[in-house]
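This briefing presents selected features of one protein chain. Please keep the sequence and the structure in view while reading.

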Amino acid sequence: MTDVSSHATALPRPPAPVPLAAPLGPISTMRVLRKNPIETWTRAHFELPIIIGPTILGTIAVINEPAAIRRVLLDNAANYNKDALQKRVLGEGLREGLLIVEGDEWRAQRRTLAPLFTPKNIASFAAATDEAAKELVARWLRLRQGRMFDIQPEMARVTLDVLGRTIFSDGLGRDPSEFTAALTRYFLTLGRLDPFDLLDFPDWVPRWTKLTSGAALNFFEDVVDAIIERRKRLLAQKGAAAPRDILTLLLEAEDPQTGVGLSDAEIRANIVTFIGAGHETTANALIWSLFLLSMSEEWRQRLAAEADAVLPGPIEHYAERLVETKAVIEEAMRLYPPVASMSRHALDCDTLAGRRIRKGALVMVSQWVLHRHKLLWDQPDVFDPRRFLPGAREKIDRFAYLPFGAGPRVCIGAAFALQEAAIILAHVVRSFTLEVPKGHEVKPVQHITLRPEGGLPMILRRRTRSHN
(Lines give C-alpha, C1' and ligand atoms only; values in the text may rest on other atoms or scores of the structure.)
Protein backbone atom coordinates (compact mmCIF):
# COMPACT_ATOMS: atom_id res chain seq x y z
CA MET A 1 0.00 0.00 0.00
CA THR A 2 1.01 3.60 -0.58
CA ASP A 3 0.67 5.45 2.73
CA VAL A 4 -1.28 8.68 2.43
CA SER A 5 -2.62 8.81 5.98
CA SER A 6 -0.32 11.62 7.12
CA HIS A 7 -1.85 13.87 4.45
CA ALA A 8 -5.40 12.53 4.68
CA THR A 9 -7.11 15.62 6.18
CA ALA A 10 -5.94 17.81 3.29
CA LEU A 11 -6.79 15.37 0.50
CA PRO A 12 -9.93 15.81 -1.62
CA ARG A 13 -12.53 13.04 -1.58
CA PRO A 14 -14.09 13.00 -5.06
CA PRO A 15 -17.73 11.95 -5.56
CA ALA A 16 -18.65 8.28 -5.83
CA PRO A 17 -21.76 6.19 -5.11
CA VAL A 18 -21.99 5.03 -1.50
CA PRO A 19 -21.60 1.23 -1.40
CA LEU A 20 -24.72 -0.69 -0.45
CA ALA A 21 -25.10 -2.43 2.92
CA ALA A 22 -26.57 -5.53 1.24
CA PRO A 23 -27.17 -6.76 -2.32
CA LEU A 24 -30.23 -5.55 -4.20
CA GLY A 25 -33.04 -7.85 -5.21
CA PRO A 26 -33.33 -9.13 -8.82
CA ILE A 27 -35.69 -6.42 -10.14
CA SER A 28 -33.78 -3.59 -8.46
CA THR A 29 -30.49 -5.02 -9.71
CA MET A 30 -31.73 -5.09 -13.30
CA ARG A 31 -32.96 -1.51 -13.02
CA VAL A 32 -29.71 -0.20 -11.50
CA LEU A 33 -27.51 -2.17 -13.89
CA ARG A 34 -29.26 -0.48 -16.76
CA LYS A 35 -28.99 2.96 -15.17
CA ASN A 36 -25.51 2.89 -13.58
CA PRO A 37 -23.79 -0.46 -12.81
CA ILE A 38 -21.29 1.04 -10.31
CA GLU A 39 -24.22 1.65 -7.96
CA THR A 40 -24.79 -2.09 -7.45
CA TRP A 41 -21.63 -2.78 -5.40
CA THR A 42 -21.87 -3.51 -1.69
CA ARG A 43 -19.48 -2.64 1.14
CA ALA A 44 -18.34 -6.26 1.22
CA HIS A 45 -17.06 -6.02 -2.35
CA PHE A 46 -14.64 -3.28 -1.26
CA GLU A 47 -13.48 -5.25 1.81
CA LEU A 48 -13.16 -8.93 0.82
CA PRO A 49 -10.72 -10.57 -1.63
CA ILE A 50 -13.44 -12.60 -3.35
CA ILE A 51 -17.22 -12.81 -3.28
CA ILE A 52 -19.08 -15.64 -4.98
CA GLY A 53 -22.83 -15.60 -5.12
CA PRO A 54 -25.99 -15.89 -7.19
CA THR A 55 -27.08 -12.94 -9.32
CA ILE A 56 -29.53 -12.32 -12.15
CA LEU A 57 -26.60 -13.19 -14.45
CA GLY A 58 -26.04 -16.53 -12.69
CA THR A 59 -23.30 -17.30 -10.19
CA ILE A 60 -20.55 -14.70 -10.36
CA ALA A 61 -17.16 -14.62 -8.66
CA VAL A 62 -15.98 -11.05 -8.11
CA ILE A 63 -12.24 -11.14 -7.43
CA ASN A 64 -10.06 -8.45 -5.87
CA GLU A 65 -7.00 -10.45 -4.85
CA PRO A 66 -4.09 -9.52 -7.16
CA ALA A 67 -2.78 -13.12 -7.26
CA ALA A 68 -6.21 -14.39 -8.34
CA ILE A 69 -6.51 -11.66 -10.97
CA ARG A 70 -3.05 -12.57 -12.23
CA ARG A 71 -4.18 -16.18 -12.59
CA VAL A 72 -7.25 -15.21 -14.62
CA LEU A 73 -5.54 -12.68 -16.87
CA LEU A 74 -2.07 -14.21 -17.19
CA ASP A 75 -1.06 -17.51 -15.58
CA ASN A 76 -4.19 -19.44 -16.57
CA ALA A 77 -5.57 -17.04 -19.16
CA ALA A 78 -6.30 -19.88 -21.60
CA ASN A 79 -9.03 -21.04 -19.21
CA TYR A 80 -10.86 -17.70 -19.28
CA ASN A 81 -12.56 -16.37 -22.41
CA LYS A 82 -14.52 -13.17 -22.78
CA ASP A 83 -18.10 -13.98 -21.90
CA ALA A 84 -21.15 -13.70 -24.16
CA LEU A 85 -22.66 -10.76 -22.26
CA GLN A 86 -19.49 -8.68 -22.67
CA LYS A 87 -19.39 -9.43 -26.38
CA ARG A 88 -23.03 -8.43 -26.77
CA VAL A 89 -22.52 -5.18 -24.90
CA LEU A 90 -19.44 -4.24 -26.93
CA GLY A 91 -21.41 -4.68 -30.10
CA GLU A 92 -21.41 -6.27 -33.51
CA GLY A 93 -19.00 -3.89 -35.20
CA LEU A 94 -16.03 -4.75 -32.98
CA ARG A 95 -16.34 -8.53 -33.13
CA GLU A 96 -13.63 -9.04 -35.73
CA GLY A 97 -11.19 -6.73 -33.97
CA LEU A 98 -8.48 -7.34 -31.41
CA LEU A 99 -10.74 -6.35 -28.50
CA ILE A 100 -13.15 -9.26 -29.02
CA VAL A 101 -11.60 -12.11 -30.99
CA GLU A 102 -10.26 -15.16 -29.16
CA GLY A 103 -7.75 -17.99 -29.53
CA ASP A 104 -5.60 -18.34 -32.63
CA GLU A 105 -7.40 -15.49 -34.37
CA TRP A 106 -6.54 -13.15 -31.48
CA ARG A 107 -2.91 -14.34 -31.37
CA ALA A 108 -2.51 -13.72 -35.10
CA GLN A 109 -3.99 -10.22 -34.86
CA ARG A 110 -1.89 -9.36 -31.82
CA ARG A 111 1.32 -10.44 -33.58
CA THR A 112 0.31 -8.44 -36.64
CA LEU A 113 -0.63 -5.27 -34.77
CA ALA A 114 2.14 -5.23 -32.14
CA PRO A 115 4.75 -3.58 -34.45
CA LEU A 116 2.39 -0.60 -34.87
CA PHE A 117 2.77 0.28 -31.18
CA THR A 118 6.51 -0.07 -30.60
CA PRO A 119 8.10 2.62 -28.37
CA LYS A 120 9.70 4.14 -31.49
CA ASN A 121 6.36 4.44 -33.31
CA ILE A 122 4.61 5.80 -30.23
CA ALA A 123 7.33 8.44 -29.73
CA SER A 124 6.96 9.43 -33.38
CA PHE A 125 3.32 10.38 -32.73
CA ALA A 126 4.20 12.85 -29.93
CA ALA A 127 4.60 15.75 -32.37
CA ALA A 128 1.09 15.20 -33.79
CA THR A 129 -0.34 15.16 -30.27
CA ASP A 130 1.57 18.33 -29.42
CA GLU A 131 0.12 20.14 -32.44
CA ALA A 132 -3.42 19.04 -31.56
CA ALA A 133 -2.93 20.26 -27.96
CA LYS A 134 -1.61 23.63 -29.17
CA GLU A 135 -4.66 24.05 -31.38
CA LEU A 136 -6.90 23.33 -28.39
CA VAL A 137 -5.08 25.98 -26.34
CA ALA A 138 -5.28 28.53 -29.19
CA ARG A 139 -9.02 27.89 -29.51
CA TRP A 140 -9.58 28.36 -25.77
CA LEU A 141 -7.48 31.54 -25.69
CA ARG A 142 -10.03 33.09 -28.03
CA LEU A 143 -12.80 32.49 -25.47
CA ARG A 144 -13.64 35.18 -22.96
CA GLN A 145 -12.27 34.95 -19.45
CA GLY A 146 -14.66 33.18 -17.08
CA ARG A 147 -16.49 31.39 -19.90
CA MET A 148 -18.34 28.27 -18.75
CA PHE A 149 -18.49 25.34 -21.15
CA ASP A 150 -18.75 21.56 -21.15
CA ILE A 151 -15.24 20.09 -21.34
CA GLN A 152 -16.51 16.65 -22.35
CA PRO A 153 -16.98 17.49 -26.05
CA GLU A 154 -13.80 19.58 -25.91
CA MET A 155 -11.73 16.61 -24.75
CA ALA A 156 -13.49 14.41 -27.30
CA ARG A 157 -12.59 16.91 -29.99
CA VAL A 158 -8.89 17.14 -29.15
CA THR A 159 -8.43 13.37 -28.80
CA LEU A 160 -10.26 12.88 -32.09
CA ASP A 161 -7.89 15.45 -33.60
CA VAL A 162 -4.97 13.33 -32.39
CA LEU A 163 -6.49 10.22 -33.98
CA GLY A 164 -7.02 12.15 -37.19
CA ARG A 165 -3.34 13.09 -37.24
CA THR A 166 -2.02 9.64 -36.34
CA ILE A 167 -4.43 7.01 -37.72
CA PHE A 168 -5.54 8.70 -40.93
CA SER A 169 -3.45 11.81 -41.40
CA ASP A 170 -5.00 12.78 -44.73
CA GLY A 171 -8.31 13.49 -43.01
CA LEU A 172 -11.48 11.97 -41.63
CA GLY A 173 -13.62 13.00 -44.58
CA ARG A 174 -16.33 14.18 -42.16
CA ASP A 175 -16.94 17.06 -39.78
CA PRO A 176 -15.30 16.19 -36.41
CA SER A 177 -18.49 17.25 -34.60
CA GLU A 178 -20.33 14.44 -36.42
CA PHE A 179 -17.79 11.99 -35.04
CA THR A 180 -18.05 13.21 -31.45
CA ALA A 181 -21.86 13.19 -31.58
CA ALA A 182 -21.86 9.66 -33.00
CA LEU A 183 -19.40 8.50 -30.34
CA THR A 184 -21.58 9.91 -27.58
CA ARG A 185 -24.67 8.16 -28.97
CA TYR A 186 -22.73 4.94 -29.39
CA PHE A 187 -21.37 4.73 -25.85
CA LEU A 188 -24.45 6.04 -24.08
CA THR A 189 -26.70 3.47 -25.76
CA LEU A 190 -24.36 0.54 -26.38
CA GLY A 191 -23.13 0.66 -22.80
CA ARG A 192 -26.60 0.31 -21.28
CA LEU A 193 -27.33 -3.27 -20.32
CA ASP A 194 -30.46 -4.36 -22.14
CA PRO A 195 -32.88 -6.56 -20.16
CA PHE A 196 -32.76 -9.12 -22.99
CA ASP A 197 -28.96 -9.30 -22.59
CA LEU A 198 -29.29 -9.80 -18.85
CA LEU A 199 -31.86 -12.55 -19.40
CA ASP A 200 -29.60 -14.22 -22.02
CA PHE A 201 -32.07 -13.96 -24.90
CA PRO A 202 -30.63 -15.11 -28.26
CA ASP A 203 -28.74 -12.55 -30.35
CA TRP A 204 -31.42 -12.58 -33.04
CA VAL A 205 -33.97 -11.06 -30.65
CA PRO A 206 -33.92 -7.26 -31.29
CA ARG A 207 -32.57 -5.04 -28.53
CA TRP A 208 -34.73 -1.93 -28.84
CA THR A 209 -32.41 -0.02 -26.51
CA LYS A 210 -29.53 -0.47 -28.98
CA LEU A 211 -31.13 1.06 -32.06
CA THR A 212 -29.27 4.40 -31.89
CA SER A 213 -25.94 2.69 -31.22
CA GLY A 214 -26.45 0.70 -34.41
CA ALA A 215 -26.91 3.92 -36.38
CA ALA A 216 -23.72 5.33 -34.85
CA LEU A 217 -21.79 2.15 -35.62
CA ASN A 218 -23.01 2.24 -39.23
CA PHE A 219 -21.74 5.82 -39.41
CA PHE A 220 -18.26 4.75 -38.24
CA GLU A 221 -18.12 1.80 -40.61
CA ASP A 222 -19.18 3.89 -43.62
CA VAL A 223 -16.58 6.55 -42.83
CA VAL A 224 -13.83 4.02 -42.19
CA ASP A 225 -14.62 2.07 -45.36
CA ALA A 226 -14.35 5.29 -47.38
CA ILE A 227 -11.03 6.18 -45.70
CA ILE A 228 -9.61 2.69 -46.35
CA GLU A 229 -10.55 2.77 -50.02
CA ARG A 230 -9.11 6.26 -50.44
CA ARG A 231 -5.84 5.19 -48.80
CA LYS A 232 -5.58 2.05 -50.93
CA ARG A 233 -5.83 4.18 -54.06
CA LEU A 234 -3.22 6.58 -52.69
CA LEU A 235 -0.83 3.75 -51.87
CA ALA A 236 -1.28 2.30 -55.34
CA GLN A 237 -0.55 5.69 -56.91
CA LYS A 238 2.20 7.05 -54.67
CA GLY A 239 3.58 4.06 -52.77
CA ALA A 240 6.21 5.19 -50.26
CA ALA A 241 5.11 8.82 -50.66
CA ALA A 242 1.74 8.06 -49.02
CA PRO A 243 1.32 9.05 -45.34
CA ARG A 244 3.14 6.71 -42.93
CA ASP A 245 0.41 6.70 -40.29
CA ILE A 246 -1.37 3.90 -38.44
CA LEU A 247 -3.78 3.32 -41.35
CA THR A 248 -0.92 2.67 -43.77
CA LEU A 249 0.78 0.47 -41.19
CA LEU A 250 -2.46 -1.49 -40.77
CA LEU A 251 -2.85 -1.99 -44.50
CA GLU A 252 0.74 -3.16 -44.84
CA ALA A 253 0.90 -5.20 -41.60
CA GLU A 254 1.66 -8.91 -41.82
CA ASP A 255 1.73 -11.66 -39.24
CA PRO A 256 5.48 -12.26 -38.70
CA GLN A 257 4.85 -16.00 -38.43
CA THR A 258 2.56 -16.54 -41.42
CA GLY A 259 3.05 -13.47 -43.59
CA VAL A 260 -0.73 -13.06 -43.76
CA GLY A 261 -2.13 -9.55 -43.58
CA LEU A 262 -5.38 -8.32 -42.05
CA SER A 263 -8.65 -8.65 -43.96
CA ASP A 264 -10.66 -5.51 -44.75
CA ALA A 265 -13.17 -6.54 -42.08
CA GLU A 266 -10.38 -6.89 -39.50
CA ILE A 267 -8.87 -3.54 -40.47
CA ARG A 268 -12.27 -1.87 -40.19
CA ALA A 269 -13.03 -3.49 -36.83
CA ASN A 270 -9.67 -2.45 -35.41
CA ILE A 271 -9.92 1.13 -36.64
CA VAL A 272 -13.43 1.38 -35.15
CA THR A 273 -11.91 -0.05 -31.95
CA PHE A 274 -9.12 2.56 -31.99
CA ILE A 275 -11.67 5.33 -32.59
CA GLY A 276 -14.12 4.08 -29.98
CA ALA A 277 -11.92 2.61 -27.28
CA GLY A 278 -8.80 4.74 -27.72
CA HIS A 279 -10.50 8.05 -28.32
CA GLU A 280 -13.19 7.62 -25.67
CA THR A 281 -10.99 6.32 -22.87
CA THR A 282 -8.28 8.97 -23.34
CA ALA A 283 -10.88 11.74 -23.45
CA ASN A 284 -12.43 10.44 -20.23
CA ALA A 285 -9.04 10.21 -18.50
CA LEU A 286 -8.48 13.88 -19.37
CA ILE A 287 -11.97 14.91 -18.21
CA TRP A 288 -11.52 13.26 -14.83
CA SER A 289 -7.97 14.61 -14.49
CA LEU A 290 -9.19 18.17 -15.02
CA PHE A 291 -12.05 17.63 -12.60
CA LEU A 292 -9.73 16.27 -9.90
CA LEU A 293 -7.26 19.12 -10.43
CA SER A 294 -10.12 21.55 -9.83
CA MET A 295 -10.28 20.09 -6.30
CA SER A 296 -6.57 20.53 -5.52
CA GLU A 297 -4.74 23.86 -5.67
CA GLU A 298 -1.49 22.07 -4.77
CA TRP A 299 -1.58 19.76 -7.78
CA ARG A 300 -2.74 22.48 -10.16
CA GLN A 301 0.36 24.46 -9.23
CA ARG A 302 2.64 21.45 -9.41
CA LEU A 303 1.48 20.47 -12.89
CA ALA A 304 1.61 24.04 -14.17
CA ALA A 305 5.19 24.37 -12.94
CA GLU A 306 6.13 21.07 -14.54
CA ALA A 307 4.55 22.11 -17.84
CA ASP A 308 6.44 25.43 -17.75
CA ALA A 309 9.68 23.50 -17.33
CA VAL A 310 9.06 20.67 -19.82
CA LEU A 311 7.05 22.00 -22.75
CA PRO A 312 9.70 24.39 -24.07
CA GLY A 313 12.04 21.39 -24.39
CA PRO A 314 12.31 18.64 -27.02
CA ILE A 315 8.98 16.96 -27.85
CA GLU A 316 10.57 13.52 -27.89
CA HIS A 317 11.35 13.89 -24.16
CA TYR A 318 7.85 14.92 -23.06
CA ALA A 319 6.67 11.45 -22.10
CA GLU A 320 9.61 10.78 -19.77
CA ARG A 321 9.72 14.28 -18.24
CA LEU A 322 6.01 14.87 -17.49
CA VAL A 323 6.31 12.78 -14.34
CA GLU A 324 3.80 14.54 -12.07
CA THR A 325 1.38 15.04 -14.96
CA LYS A 326 1.33 11.30 -15.60
CA ALA A 327 0.89 10.67 -11.86
CA VAL A 328 -2.27 12.80 -11.86
CA ILE A 329 -3.60 10.97 -14.93
CA GLU A 330 -2.89 7.57 -13.36
CA GLU A 331 -4.60 8.61 -10.12
CA ALA A 332 -7.56 9.84 -12.17
CA MET A 333 -7.73 6.45 -13.89
CA ARG A 334 -7.57 4.76 -10.49
CA LEU A 335 -10.49 6.73 -9.08
CA TYR A 336 -12.44 6.85 -12.36
CA PRO A 337 -11.16 3.94 -14.48
CA PRO A 338 -11.90 4.46 -18.19
CA VAL A 339 -13.35 0.94 -18.33
CA ALA A 340 -14.95 0.06 -15.00
CA SER A 341 -15.24 -3.74 -15.26
CA MET A 342 -14.21 -6.83 -17.20
CA SER A 343 -15.48 -10.38 -17.08
CA ARG A 344 -14.40 -13.82 -18.17
CA HIS A 345 -16.08 -17.19 -18.65
CA ALA A 346 -14.34 -20.15 -16.95
CA LEU A 347 -13.83 -22.94 -19.49
CA ASP A 348 -12.90 -25.40 -16.74
CA CYS A 349 -12.79 -25.63 -12.95
CA ASP A 350 -10.18 -23.58 -11.10
CA THR A 351 -9.30 -22.18 -7.67
CA LEU A 352 -9.14 -18.44 -7.07
CA ALA A 353 -8.33 -16.75 -3.76
CA GLY A 354 -8.85 -20.10 -2.02
CA ARG A 355 -12.33 -20.60 -3.48
CA ARG A 356 -13.50 -23.21 -5.97
CA ILE A 357 -14.54 -21.83 -9.38
CA ARG A 358 -16.88 -24.09 -11.30
CA LYS A 359 -16.72 -24.70 -15.02
CA GLY A 360 -18.94 -22.19 -16.78
CA ALA A 361 -18.81 -19.65 -13.96
CA LEU A 362 -18.59 -15.94 -14.70
CA VAL A 363 -15.51 -14.35 -13.15
CA MET A 364 -15.54 -10.57 -12.85
CA VAL A 365 -12.88 -7.98 -12.12
CA SER A 366 -14.34 -4.54 -11.49
CA GLN A 367 -11.68 -1.87 -11.78
CA TRP A 368 -14.10 0.45 -10.00
CA VAL A 369 -14.01 -1.84 -6.96
CA LEU A 370 -10.41 -3.02 -7.29
CA HIS A 371 -9.01 0.51 -7.47
CA ARG A 372 -10.87 1.51 -4.29
CA HIS A 373 -10.42 -1.74 -2.36
CA LYS A 374 -9.60 -1.33 1.32
CA LEU A 375 -7.17 -4.27 1.37
CA LEU A 376 -5.09 -2.81 -1.47
CA TRP A 377 -5.06 0.96 -1.05
CA ASP A 378 -4.52 3.33 1.86
CA GLN A 379 -7.27 5.97 1.95
CA PRO A 380 -8.63 4.56 -1.33
CA ASP A 381 -11.35 7.17 -1.80
CA VAL A 382 -9.11 10.25 -1.73
CA PHE A 383 -7.26 11.95 -4.57
CA ASP A 384 -3.52 11.61 -4.01
CA PRO A 385 -1.28 11.39 -7.11
CA ARG A 386 1.76 10.77 -4.87
CA ARG A 387 0.83 7.08 -5.14
CA PHE A 388 2.11 7.14 -8.73
CA LEU A 389 5.30 9.14 -8.32
CA PRO A 390 8.63 7.32 -8.69
CA GLY A 391 9.44 5.34 -5.56
CA ALA A 392 5.76 4.76 -4.75
CA ARG A 393 4.53 3.66 -8.21
CA GLU A 394 6.78 0.61 -8.14
CA LYS A 395 5.16 -0.65 -4.92
CA ILE A 396 1.71 -1.00 -6.51
CA ASP A 397 0.97 -4.60 -7.42
CA ARG A 398 0.68 -4.98 -11.18
CA PHE A 399 -2.67 -6.72 -10.74
CA ALA A 400 -4.11 -4.21 -8.27
CA TYR A 401 -4.24 -1.41 -10.85
CA LEU A 402 -5.76 -2.22 -14.23
CA PRO A 403 -6.80 0.88 -16.20
CA PHE A 404 -5.59 -0.85 -19.38
CA GLY A 405 -6.12 -4.46 -18.31
CA ALA A 406 -3.19 -6.85 -17.87
CA GLY A 407 -1.68 -10.05 -19.17
CA PRO A 408 -1.57 -11.01 -22.86
CA ARG A 409 -4.70 -8.92 -23.55
CA VAL A 410 -3.40 -5.71 -21.99
CA CYS A 411 -4.45 -2.71 -24.09
CA ILE A 412 -2.09 -2.55 -27.05
CA GLY A 413 -2.33 1.26 -27.13
CA ALA A 414 -1.75 1.92 -23.42
CA ALA A 415 1.57 3.73 -23.82
CA PHE A 416 0.16 5.75 -26.73
CA ALA A 417 -2.85 6.81 -24.64
CA LEU A 418 -0.78 7.82 -21.60
CA GLN A 419 1.63 9.85 -23.76
CA GLU A 420 -1.30 11.56 -25.50
CA ALA A 421 -3.11 12.39 -22.25
CA ALA A 422 0.05 13.74 -20.59
CA ILE A 423 0.93 16.07 -23.47
CA ILE A 424 -2.62 17.43 -23.77
CA LEU A 425 -3.05 17.90 -20.01
CA ALA A 426 0.33 19.66 -19.73
CA HIS A 427 -0.64 22.18 -22.41
CA VAL A 428 -4.00 22.85 -20.77
CA VAL A 429 -2.68 23.40 -17.23
CA ARG A 430 0.16 25.57 -18.51
CA SER A 431 -2.31 28.08 -19.92
CA PHE A 432 -5.52 27.69 -17.92
CA THR A 433 -7.18 26.80 -14.66
CA LEU A 434 -10.64 25.24 -14.72
CA GLU A 435 -13.17 25.04 -11.94
CA VAL A 436 -16.54 23.38 -11.52
CA PRO A 437 -19.42 25.86 -11.02
CA LYS A 438 -20.61 26.07 -7.44
CA GLY A 439 -23.56 23.82 -6.77
CA HIS A 440 -22.93 21.54 -9.75
CA GLU A 441 -23.00 17.88 -8.73
CA VAL A 442 -20.58 15.63 -10.57
CA LYS A 443 -21.76 12.04 -10.81
CA PRO A 444 -19.79 9.19 -12.44
CA VAL A 445 -21.93 6.93 -14.63
CA GLN A 446 -20.82 3.68 -16.27
CA HIS A 447 -21.83 3.02 -19.88
CA ILE A 448 -18.93 0.75 -20.91
CA THR A 449 -16.69 3.73 -20.15
CA LEU A 450 -17.03 5.94 -17.07
CA ARG A 451 -18.33 9.43 -17.83
CA PRO A 452 -19.64 12.31 -15.72
CA GLU A 453 -23.42 12.24 -16.05
CA GLY A 454 -24.65 14.98 -18.35
CA GLY A 455 -21.14 16.17 -19.17
CA LEU A 456 -18.87 18.37 -17.06
CA PRO A 457 -19.38 22.15 -17.13
CA MET A 458 -16.27 24.06 -16.06
CA ILE A 459 -15.31 27.73 -15.82
CA LEU A 460 -12.26 28.65 -17.88
CA ARG A 461 -9.66 31.08 -16.55
CA ARG A 462 -6.30 31.97 -18.00
CA ARG A 463 -3.20 31.58 -15.89
CA THR A 464 -1.70 34.88 -14.83
CA ARG A 465 1.62 34.16 -16.56
CA SER A 466 1.81 35.03 -20.24
CA HIS A 467 1.30 32.25 -22.75
CA ASN A 468 4.32 31.23 -24.83
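Strand β11 (residues 449-452) is covered on both of its faces in this predicted model. On one side lie Thr449 and Arg451, on the other Leu450 and Pro452, and all of them are buried. In a regular strand, side chains alternate between the two faces of the sheet.

- Strand β10 (residues 444-447) is joined to β11 by 4 bridges, and the two strands run antiparallel.
- Opposite arginine 451 in β11 stands valine 445.
- The hairpin of β10 and β11 has 1 residue between the strands. In this hairpin, isoleucine 448 takes a positive phi near 65°.

**Aromatic pairs**

- A pair of aromatic rings is described by two quantities, the distance of the centres and the angle of the planes.
- The count of aromatic pairs comes to 9.
- One of them is formed by tryptophan 140 and phenylalanine 149, with 5.1 Å from centre to centre and 70° between the planes. This pair is edge-to-face because planes over 60 degrees apart count as such.
- Both tryptophan 140 and phenylalanine 149 are buried.
- Is the pair of tryptophan 288 and tyrosine 336 stacked or edge-to-face? Their ring centres are 3.9 Å apart and their planes lie at 15°, so the pair is stacked; the cut-off for stacking is under 30 degrees.
- The pair of tryptophan 288 and tyrosine 336 links distant parts of the chain, 48 residues apart. Tryptophan 288 belongs to helix α12 (residues 264-293), whereas tyrosine 336 is in the loop between α15 (323-335) and β5 (342-346).
- Tryptophan 288 and tyrosine 336 are both buried.
- One aromatic cluster is formed by Trp288, Phe291, Tyr336 and Trp368.

**Charges over rings**

- Over the face of tyrosine 336 lies arginine 372, at 5.6 Å from the ring centre. Tyrosine 336 therefore has a ring partner in tryptophan 288, with which it is stacked, and a charged residue, arginine 372, over its face.
- Arginine 398 has its charged end over the ring of phenylalanine 399, 5.9 Å from the centre of that ring.

**An annotated position**

- According to the unreviewed UniProt entry, the annotation "binding site" covers Cys411.
- Where is cysteine 411 found? Cysteine 411 is in the loop between α16 (367-370) and α17 (414-431).
- The relative accessible area of cysteine 411 is 36%, so this residue is partly exposed: the value falls between the limits of 20% for buried and 50% for exposed.

Conventions:
Residues numbered from 1 in each chain as written. Predicted model: local features only at pLDDT ≥ 70, side-chain atom pairs only at ≥ 80, totals over all residues. Heavy atoms only, no water. Phe/Tyr/Trp six-rings, centres within 6.5 Å; stacked < 30°, edge-to-face > 60°. Buried < 20%, exposed > 50% of the residue type's maximum accessible area, 1.4 Å probe, protein only. Lys NZ or Arg CZ within 6 Å of the ring centre and 35° of its normal. UniProt positions renumbered as here; feature names shortened; annotations may be inferred. Pairing = 2+ DSSP bridges.
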